[in-house]
Amino acid sequence: MEYRKATDKEAQLVCDIVQETKARIFPHYYTQAVVDFFRRLNSIDNIKKDIEEGRIDVLVLDERIVGTGSRRDNHITRVYVLPEFQGQGFGSVIMEHLEEDIFKEYDYCDLDASLPATIFYEHRGYRTVEHCKHDIGDGEVMIYEIMRKEV
């Protein structure tokens, strides 16, 4: 297993992981309009930009990227593991690396947690600091939590 920075050539693979995970998991928790909003938010252009800025890491298993995680300063974003690899500890590996890097510089880290991810983050010691409701238009609302973990 290898955890490292994503390369420009891996942008589409990272995008595919994020999009596939959202497409298979999020419809159980959110309306299609919210799923589509998440898809646009994590577009290939946004992922390419974040890779260029050194914000995206990948978890590689047997030469296959199975998960990804990102951070901006002390804010964790875009943590995804392919559905067929979930429940095997890979998300925890990604989080451990992100948290280790953040706690070298900061006393806490924050993240925006989707409904399906909140329990995972709670088990990692995060607590909800704010319940959020975001209007995405046409009467559709996205619900999520801002969660924090302190050193």
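Two strands pair if DSSP finds at least two bridges between them; helices (H or I, at least four residues) and strands (E, at least two) are themselves DSSP runs, numbered from the N terminus. Keep that in mind as we walk through this structure, which is a predicted model: local features need pLDDT of at least 70, side-chain atom pairs count only at pLDDT 80 or more, and totals for chains, interfaces and linings use all residues. Residues are numbered from 1 along each chain as its sequence is written, and side-chain values use heavy atoms, with hydrogens and water left out.

Let us start with strand β2 (residues 56-61), which pairs with β3 in the antiparallel sense over six bridges. Across this pairing, V58 stands opposite T68 in β3. The two strands form a hairpin with two residues between them, and D62 in the turn has a positive phi of about 50°. On we go to β4: five bridges join it to β3, and the two strands run antiparallel. Here R72 stands opposite H75 in β4. The hairpin of β3 and β4 also has two residues between the strands, and D73 takes a positive phi near 55°.

How enclosed is strand β3? Of the nine residues of β3 (residues 64-72), seven are buried, so the strand is largely enclosed by the rest of the structure. Buried means under 20% relative accessible area, exposed over 50%, and partly exposed in between, with a 1.4 Å probe and protein chains only. Helix α2 (residues 32-41) has buried residues too: V34, V35, D36, F37 and F38. Their cover includes α1 (11-25), β6 (127-137) and β7 (140-150).

Next, look for the largest pocket, with a volume of about 1,100 Å³. Lining it are 40 residues, of which R78, V79, Y80, D112 and Y121 are the closest to its centre. A pocket, on a 1 Å grid over the protein atoms alone, is an open set of points where a 1.4 Å probe fits, with protein on both sides within 12 Å along at least five of seven lines; lining residues have an atom within 4 Å of a point. Strand β4 (residues 75-81) gives the largest share of the lining, seven residues.

Finally, what about the cysteines? A disulfide is a pair of cysteine sulfur atoms within 2.5 Å, and by this rule the count comes to zero. C109 is in no disulfide, as the nearest cysteine sulfur, that of C132, is 16 Å away. C109 counts as buried at 0% relative accessibility, and C132 counts as buried at 10%.

Methods: Points joined across faces, edges and corners; volume = space filled by probe spheres on them. Contact = heavy atoms within 4.5 Å.
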